[in-house]
2 protein chains.
Amino acid sequence: MASTNTATHPEPGKVVEKAAQPPEMRAPAEKPVSGLFGLGDVVLRFLLFASSLVAVILLVTSKQAKLIPIPIPPYLIPRTAKFTQAPALIYYIAAVSIAGFYGIITTFVSLYALLKPGRYPRVVSNFVIFDVLLLGIVAAAVGAAGAMGYTALKGNSHVQWTKICNRYDYFCRHISASISVSLFGSIVLTLLILLSIYSLSKRIPKQTY
Amino acid sequence: MASTNTATHPEPGKVVEKAAQPPEMRAPAEKPVSGLFGLGDVVLRFLLFASSLVAVILLVTSKQAKLIPIPIPPYLIPRTAKFTQAPALIYYIAAVSIAGFYGIITTFVSLYALLKPGRYPRVVSNFVIFDVLLLGIVAAAVGAAGAMGYTALKGNSHVQWTKICNRYDYFCRHISASISVSLFGSIVLTLLILLSIYSLSKRIPKQTY
């Protein structure tokens, strides 16, 4: 009798566990969101890395030397414009470099997690915290560089700050292109955060909503 | 035989559903988190409003008139330093005003939702999107104002931008205090987003984690 019972219900604990979480019930509700989300996550993180890399390269190659006229002999002296002359741009390159470094690391982690879906949600919940912090840092850097760039372009007559972009055109073009690209990077970071939040809210059961 | 089977297992579909989501199992896990979270949310949103208000007041009251020496008669002319002379500070006051306005509105909505807990989660999931966008805007504004303030404090000898804080001390004190307060405001915004994400991730059932 006992042996027959065991045969019809082999290992009852395991059967109950399986019934509570039937894999074929959860799978269709979770899989497509997770897969699509993971793909979007990887693409956006790679875009963050690529835009940061372009922004850093544009900034580093912005150096421009020019002969500036002066009233005393020899009448022309070479003067160089470099991004290291502005503290705001030093902060900017530091922030964008961190964003690029973070971007390439998390691209690989996210890609790895996409290929092993079981461990994905825990990885994401941790990344989104750093995404938010990095958004604050990168947005502040873009704002700081933008303010300096605008002053360099237009000058400020109230405090006699002369414009410099009429003389250093190559320098200014590189700076403005770099700021545009990292503005795109900070929009990508915003989308990453919104994607994570959307994915988190999708995984909350409907009845608690 | 068939009727006996039905009597021992009445409506098998319903029983399975109830077993999968027992209400007394979810209730104690959700209630305290939601209440504590709601209270923290209201407090942080009020802090955001308060810090934005202080930052705007400090900026608006920063106007300073001074007699500046000039080499020709009458040798002293009155010159006024105002925040409207710097485009970065105009963007800054716009961004901080929006943050303060958003802060006071969402404080009341969040307070209302705290008193009627049933509708709370839906309200929060919508707010966090605007929180993220606003963090980007406010952080960029703080960065822009900070870059201008640093240049006003230290000058930039490479491009002959003179420092102005040695003459307009009252003006500069107000600007720097305003930037500090809104830096605190953007940290509050960051905490708000992290709190929302934490609350969302708490509401995901453990087995799908």
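How far apart do the axes of α6(A) and α6(B) come, and at roughly what angle do they cross? The legends below take up this question first and then turn to other close-up views of the predicted model.

**Figure 1. Contact of α6(A) with α6(B) in the predicted model.** The axes of α6(A) and α6(B) come within 9 Å and cross at roughly 30 degrees. With angles under 35 degrees counted as roughly parallel, α6(A) and α6(B) are therefore roughly parallel to each other. The crossing of these two helices, α6(A) and α6(B), is left-handed. Sorted by class, the residues of the contact of α6(A) with α6(B) comprise four nonpolar and two polar ones, with no charged residue.

**Figure 2. Relation between chain A and chain B.** In general, two copies of a chain are related by a rotation about an axis and a shift along it. Here chain A is superposed on chain B by a rotation of 180 degrees with 0.0 Å of shift along its axis, and the RMSD of the superposition is 0.0 Å. That is the relation of a two-fold axis. Of the interface residues of chain A, 100% are also interface residues in chain B, so the copies meet through the same surface.

Figure 3. Is Leu135(A) buried or exposed? Its relative accessibility is 1%, and because buried means under 20% relative accessible area, Leu135(A) counts as buried. When its neighbours within four places in sequence are left aside, Leu135(A) is in contact with Ser186(A), Leu189(A), Thr190(A) and Ile193(A), and also with Val132(B), Leu135(B) and Gly136(B). For Ile193(A), which lies 58 residues from Leu135(A) along the chain, the separation of the two C-alpha atoms is 9.0 Å.

**Figure 4. Packing of α4(A) against α6(A).** Helix α4 of chain A, residues 87-115, and helix α6 of chain A, residues 169-202, have axes that come within 12 Å and cross at roughly 40 degrees. That makes α4(A) oblique to α6(A). In passing α6(A), α4(A) makes a left-handed crossing. From α4(A), the residues Leu89(A), Tyr92(A) and Val96(A) meet Ile175(A), Ser178(A), Ile179(A) and Ser182(A) in α6(A). The contact of α4(A) with α6(A) has five nonpolar residues, two polar residues and no charged residues.

**Figure 5. Packing of α4(B) against α6(B).** In chain B, helix α4 (residues 87-115) and α6(B) pack at an angle of about 40 degrees, and their axes are 12 Å apart. That makes α4(B) oblique to α6(B). The crossing of α4(B) and α6(B) is left-handed. The residues that meet are Leu89(B), Tyr92(B) and Val96(B) on the side of α4(B), and Ile175(B), Ser178(B), Ile179(B) and Ser182(B) on the side of α6(B). In the contact of α4(B) with α6(B), five residues are nonpolar and two are polar, while no charged residue takes part.

**Figure 6. Gln160(A) and Gln160(B), each with a positive phi.** Most residues other than glycine have a negative phi. For Gln160(A), by contrast, phi is near 55 degrees, a positive value in a residue other than glycine, and Gln160(A) is found in the loop between α5 (120-154) and α6 of chain A. In chain B, phi of Gln160(B) is likewise near 55 degrees, and the residue sits in the loop between α5 (120-154) and α6 (169-202) of chain B. With a relative accessible area of 48%, Gln160(B) is partly exposed.

**Figure 7. Leu39(A) in helix α3 of chain A, with the chain as its setting.** Chain A contains six helices and two strands, which follow the pattern α-α-α-β-β-α-α-α when read along the sequence. Of its 209 residues, 43% are buried. Among the contacts in chain A with a separation of 6 or more, 74% are between residues 24 or more positions apart. Leu39(A) lies in helix α3, residues 23-60, and is partly exposed, with a relative accessible area of 48%. The C-alpha atoms of Leu39(A) and Leu114(A) are separated by 7.3 Å, although these residues are 75 residues apart along the chain.

Notes
Residues are numbered from 1 along each chain as its sequence is written. Chains are lettered from A and ligands numbered from 1 in the order in which they are written. This is a predicted model: local features need pLDDT of at least 70, side-chain atom pairs count only at pLDDT 80 or more; totals for chains, interfaces and linings use all residues. Side-chain values use heavy atoms; hydrogens and water are left out. Axes are lines fitted to C-alpha atoms, for helices over the stretch in contact, and angles run from 0 to 180 degrees between N-to-C directions. Helices (H or I, at least four residues) and strands (E, at least two) are DSSP runs, numbered from the N terminus. Angles under 35 degrees count as roughly parallel, over 145 as roughly antiparallel, 65 to 115 as roughly perpendicular and the rest as oblique. A crossing is left-handed if the near helix is turned anticlockwise from the far one by less than a right angle, and right-handed if clockwise. Contact means heavy atoms within 4.5 Å. Ala, Val, Leu, Ile, Met, Phe, Trp, Tyr, Cys and Pro count as nonpolar, Asp, Glu, Lys and Arg as charged, and the others, Gly among them, as polar. Copies are superposed by least squares on the C-alpha atoms of residues with pLDDT of at least 70 in both. Buried means under 20% relative accessible area, exposed over 50%, partly exposed in between (1.4 Å probe, protein chains only).
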